[in-house]
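Here's a quick tour for anyone meeting this structure for the first time. Have a look at the fold, then read on.

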Amino acid sequence: MKILVPVKRVVDPDVKVRVKADGSGVDLANIKTSINPFDNIAVEEAVRLKEQGIATEVVVVSVGSTSSQETLRAALAIGADRGILVETDVDVQPLAVAKVLKALVDKEQPRLVIAGKQAVDDDANQTGQELAALLGWAQGTFVSKLVLQKPDADEITVSREIDGGLETLALKLPAVVTADLRLNEPRYATLPNVMKAKKKPLDVVKPADLGVDVASRLTTLKVSEPPNRKAGIIVADVAQLVEKLKNEAKVI
Ligand code: AMP
């Protein structure tokens with residue numbers, strides 16, 4: 001069973017971003033980037049399935065600029081077998097990514113796609129769902145447990161994190177699954193594996209080679225910083241706290 005894992009290059013979640021002075025976006029010059037954390041979890045899950053003898057090949061795909069090759073190499077260092085960069089300088093939106101992934105699924109014929117539940121830069125949470133819709137495949141989103149019994153299974157069981165509990169679903173394969181935080185704890189890539197990853201195959205194609213137009217359909221009107229929080233106060237006692245909650249905050 002071949003598994004396809006889309007991985008996005010995002011601003012490192014530990015970096016504090018700054019909004020450009022003209023409000024046109026976030027200043028990305030010389031900023032540290034990394035693999036989207038949920039995609040790291042997705043790669044780890046696919047690699048574990050390969051180690052269990054269930055998956056035969058793990059293919060990682062990124063849609064983005066040349067620099068996304070680093071992101072693919074990071075996924076190859078965790079244990080993926082092969083990378084595909086769909087190279088474009090367009091700031092791609094989820095529907096464009098889903099169309100690119102659909103074209104690659106048609107070509108590569110995986111039986112399972114494991115994506116991240118969302119990219120932590122735009123927080124769109126759309127690509128996996130859109131891909132499943134374009135393919136007409138089953139989907140399991142926000143997955144915190146995935147059970148695949150054997151390579152030729154025609155069903156996969158997933159647990160989904162929903163409000164107040166877990167929902168367990170059986171999905172007919174082929175399917176699209178999106179990884180939530182608790183699915184696993186990704187390993188750190190060892191130095192030998194980082195070195196090995198440099199030699200793994202990585203193809204570069206353009207969206208037009210796949211017949212996909214990735215032109216933007218949305219225009220960003222304005223990006224602004226969240227308002228500064230007001231300073232807090234220390235109250236003398238519970239009576240004063242209740243009085244302030246009642247008369248100032250008006251929440252009780
Ligand atoms: P989003 O819908 O943008 O929140 O992204 C959800 C998931 O789709 C991510 O966690 C990735 O697995 C995948 N994805 C989104 N954008 C890209 C991209 N440019 N290249 C590869 N995968 C992507």
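Leu-85 has Val-204 in β11 as its bridge partner. Strands here are DSSP runs of E of at least two residues, and helices are runs of H or I of at least four; two strands pair if DSSP finds at least two bridges between them. This is a predicted model, where local features need pLDDT of at least 70, side-chain atom pairs count only at pLDDT 80 or more, and totals for chains, interfaces and linings use all residues. Residues are numbered from 1 along each chain as its sequence is written, and side-chain values use heavy atoms, leaving out hydrogens and water.

Now zoom out. The open sheet has nine strands with mixed pairing, in the order β9-β8-β7-β10-β6-β1-β4-β5-β11. β9 (165-172) and β11 (202-205) sit at the edges with a single partner strand each, so one side of each has no neighbour in the sheet.

Angles run from 0 to 180 degrees between N-to-C directions, using lines fitted to C-alpha atoms (for helices, over the stretch in contact).

| Helix | Strands touched | Direction angle |
|---|---|---|
| α1 (residues 37-51) | β1, β4, β6, β7, β10 | about 150° with β6 |
| α2 (residues 68-78) | β4, β5, β11 | about 160° with β4 |

Helix α1 also holds Asp-39. Leaving aside residues up to four places away in sequence, Asp-39 touches Val-5, Pro-6, Val-7, Lys-8 and Gly-116.

Terms used: Contact means heavy atoms within 4.5 Å.
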